[in-house]
Amino acid sequence: MRKSTAIAAAVATFSLGVGPVAAAAPPPPDPVGLDVLFIGAHPDDEASTLSTLGQWSEQHHLKAGVITTTRGEGGGNAVGLEEGPPLGLIREGEERRAVGKAGVEHVYNLDKLDFFYTVSAPLTAQVWDREETLSRVVRIVRATKPKVIVTMNPSPTPGNHGNHQQAARLAVEAYLKAGDPSVFPEQVSQEGLEPWNPGRLFRSGGQGAADTGPDCEAAGYRPAEPTDRVLGVWAGRTSPANDGKTWATVEREAEWEYRTQGWASNPPAPADPAKIACDWFTEIDSRAPYGPDATGATAPLDGAALPGSGGLPVGTELAIDTERFDVVPGAGFEVSVQVGAADRALQQSKVQLTAPTGWQVAGSGDLGTVTPGGNKTAQFTVTPSADAAPNTRFRLEARLDTADGASGISSRVVRVVPEVRGTIEPLPQVGQFRDWAAEVGAPQLDSLIKPVLTLGSGRTRPVRVDLVNRGTAPESGVVRLNLPAGFSADAPEKPYADLAPGATGAVTFEVTNTDPTLPTSNRAPDEGDYPVGIETTSSKGTGTESAALELVPVTVVEKAQTAPVVDGVEEEGEYTGPELDLSSLWEGEPTGRDDISGTAKVNFTDDALHVVVHVTDDVLGTVLAPEDCKRHRRTDSVEITIDPKGTSENTATAFKTGIFPITDDPAAGNPPCFERDADNHQGPGAETAPGMEVASKVSEPYRGYTLEAKIPFDVLPDAVDPARMGLNVLIYDSDTQDRTSQTRVGWSTWNGVRGDPYRWGLAELPGLLPGTTGPKEPVLPDLAAESVDSPLSILQSSADGVPLSGGRGLAADAVQIRSVKRVDAETAEVRLAAEVPGSVRLFGWDGEQVTGRGTSELTAGESVVRLPIGAADRVLLSYESGGATLARTAQVDG
């Protein structure tokens, strides 16, 4: 699938020869070496780390780079009408300006598609072509050789963007695989890259709490999972290069560069040092030993990008590998500790492995001399104590000491589990994540996800408990569900029998919400979670696990005797059935009902769903022009979501429409408009939902508005299941004129609910005949900006030696710029010599902007291209041939 911007201009090309070009090209620059590499999904994903990257750059002269998988062309635009690839190129410029404030000069865009907001990593992996994208990340890691990688949260925690998850998973895999020459072996054998093992891997942020102020580094983080190693860098230090501003202020000023995302209106950073926080980094994995007393702003770099405070040189390896992640009380498991020397020998190397109190460690850590570039491995057997607490994580710590008194530490987490473990069935995304984490060898990442299932209010659903036997003998026993008040199961316990060692099994309960008056969604206590306990017995005792049920609201949609008139007015008796309360907060700051609240009613006819929404609002946000009828979350709007079967894993198989109550079109009476967003067929309403109708009445003086919508069943992505159609109605509220919404409320509400169909409400449509049409294939956006069309990417690649978009690079002599001669005030003649045929893109560049551009197809030999360049003093070139690229620049002569 071709993904490029339509920015080519016609130019004249004159062929001067067809034979190979004999003159040798200058060699390409060696790829830049990086100390730290951030890997994210969109421009601005790295924003929360910039105060730290800036400190490391200014104070320790470290080089940092950023991989941005997409250019964010699927995001909103708070400053213009651009979308798709043109918006992506704008956002690339914003990102480069922003990170430049932190001394970051290297941004690698992978040219993948920002298709729409989703919380599905599996959908993202499919759209991005996971393996091909991974090859690009690995190529950049091998080329730039970062010592530390920082990424995002790879797990499907509620509301976590699926693009963020997938970018983080690519980072984890690249960290684990870039050093293996059998992974993408052509990069080693054909492209001349060397395998590379980064020393440490972090995700930005943490799960827990911390204090602000100058002591935040020393006081440390209070993680929700006690074994998490979370390190802080205080943003309150000042930057001499930035006129003594705090790094918190520099970071905030960098954020203001992301104007398309509405960040220019973010408030200034705190001036009071006591209110300035640390940036926090949670360690995912480490091969580099850190000093026993490593603390402060350099702790994440200790032993990896900076010499270890314990005296070990940079490049020393201390890596722990355990036979398995889940271990059983009283049962031994093997642990290997590999020690690698960098450019000097490690004399009299000795490894000591420390386990929790009461655990036994057997084995020798005496390794003797480890020669430069070599490695040795110490083997241990670790036996947890018989009373080790199940469902608890513990750290194993390896300490390396050498003859010169140097030392360093690495650690690894294991989880103690009962012999037979029973866990609630995972949501599809969670199950996929756990399978991936186990497959790549990072099961410890599954620490942030609370096991939950949703249940319709007053409804019954099957709840499966998955079993695994970690012991050495067959086991039989029972499983019990401990349910909260208002819930019941079809049996108090269910048996399992003869579960073999290492085998898996399951028992299934039918669980009913017997008290439909219980609060639903996040209106319920504990953010909507009703606690469930799972007890699993075996011959070794009883294991317990925690989970939760989440109640989603249910409604009965009545059939209309007469189809409502879509005019923005609810006449008496026009809509029947229950009224839906749309006033529960799901994002933003709590406000009063006069600020934002609403109700809705829904009816159906044989061919359509009819919805009326009444919104109470105190301030009208930005009124957009009709041509800007898209990305409705930027201002006052209503979103109606429908999951026809009530079973969608992500919104690509659902229907979502955003309706603006008013547009800036006085000649037409400022009518409403609608579009489809982040669903089965995103795009303008008239094109993607033919036959859909909307109408509105906006109160004067402004106190809110009423919307009506008719949604034909045949525009939905599948036939409706009348017994359990997924449904939600959400309100976006903006009280500003900067195209940003501040508060979001709705019917079925949790953080990130717009991307989570399993958390939408359920609707019964009695009397609606089940449809016979099959599901529609998703029609996803397919245009992404490309680095060959980006002057900023071309400039960087020509200087730092890393091929455009992390793809394959052409040989240095694939194309040469022989000369660039100005022929008049507006035009230059560019003489090119190509060894291989390909596509050339040329840009006039005046140091700040493009002054002219053109494209041409070249054959092998010499060619002359006339290029409009205006006042440019330089020409930029990108060349594509056979899926590989080359970037070059040249000065204009004359």
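## Exercises on a predicted model

Val788 sits in the loop between strand S45 (761-764) and helix H12 (791-800). Helices (H or I, at least four residues) and strands (E, at least two) are DSSP runs, numbered from the N terminus. The model is predicted: local features need pLDDT of at least 70, side-chain atom pairs count only at pLDDT 80 or more, and totals for chains, interfaces and linings use all residues. Residues are numbered from 1 along each chain as its sequence is written, and side-chain values use heavy atoms, with hydrogens and water left out.

### Exercise 1: a loop residue

Decide whether Val788 is buried or exposed, and list what Val788 touches.

**Solution.** 
- Step 1. Take the cut-offs: buried is under 20% relative accessible area, exposed is over 50%, and partly exposed is in between (1.4 Å probe, protein chains only).
- Step 2. Val788 has 3% relative accessibility, so Val788 is buried.
- Step 3. Count a contact when heavy atoms are within 4.5 Å. Not counting residues up to four places away in sequence, Val788 touches Ile794, Leu804, Arg841, Phe843, Ser878, Glu880 and Thr885.
- Step 4. Now look further off in sequence. Gly159 is 629 residues from Val788 along the chain, and their C-alpha atoms are separated by 33 Å.

### Exercise 2: the disulfides

**Solution.** 
- Step 1. Search for pairs of cysteine sulfur atoms within 2.5 Å, the rule for a disulfide.
- Step 2. Cys216 bonds to Cys278, with S to S at 2.0 Å. This pair links distant parts of the chain, 62 residues apart: Cys216 is in helix H7 (residues 216-219) and Cys278 in strand S12 (residues 278-286).
- Step 3. Cys216 and Cys278 are both buried.
- Step 4. Cys629 bonds to Cys673, with S to S at 2.2 Å. Cys629 is in the loop between strand S36 (608-617) and strand S37 (637-643), while Cys673 is in strand S39 (residues 673-676), 44 residues apart.
- Step 5. Cys629 and Cys673 are buried.
- Step 6. Number the bonded cysteines in sequence order: the pairing is 1-2, 3-4.

### Exercise 3: the nonpolar cores

Which residues touch the most other members of the largest nonpolar core?

**Solution.** 
- Step 1. The largest core has 71 residues, and Ile67, Val137, Ile149, Val465, Val479 and Leu481 touch the most other members.
- Step 2. A second, separate core has 38 residues, including Leu582, Val611, Val729 and Leu768.

### Exercise 4: a helix pair

Describe how helix H4 packs on helix H5.

**Solution.** 
- Step 1. H4 (residues 130-144) and H5 (residues 162-177) pack at about 55°, with axes 9 Å apart.
- Step 2. Classify the angle: under 35 degrees is roughly parallel, over 145 roughly antiparallel, 65 to 115 roughly perpendicular, and the rest oblique. H4 and H5 are therefore oblique to each other.
- Step 3. List the contacts. Among them, Val137 and Val141 are on the H4 side, and Leu170 and Ala174 on the H5 side.

How values were computed. A nonpolar core is a set of buried Ala, Val, Leu, Ile, Met, Phe, Trp, Tyr and Cys residues joined through side-chain atoms within 4.5 Å. Axes are lines fitted to C-alpha atoms, for helices over the stretch in contact, and angles run from 0 to 180 degrees between N-to-C directions.
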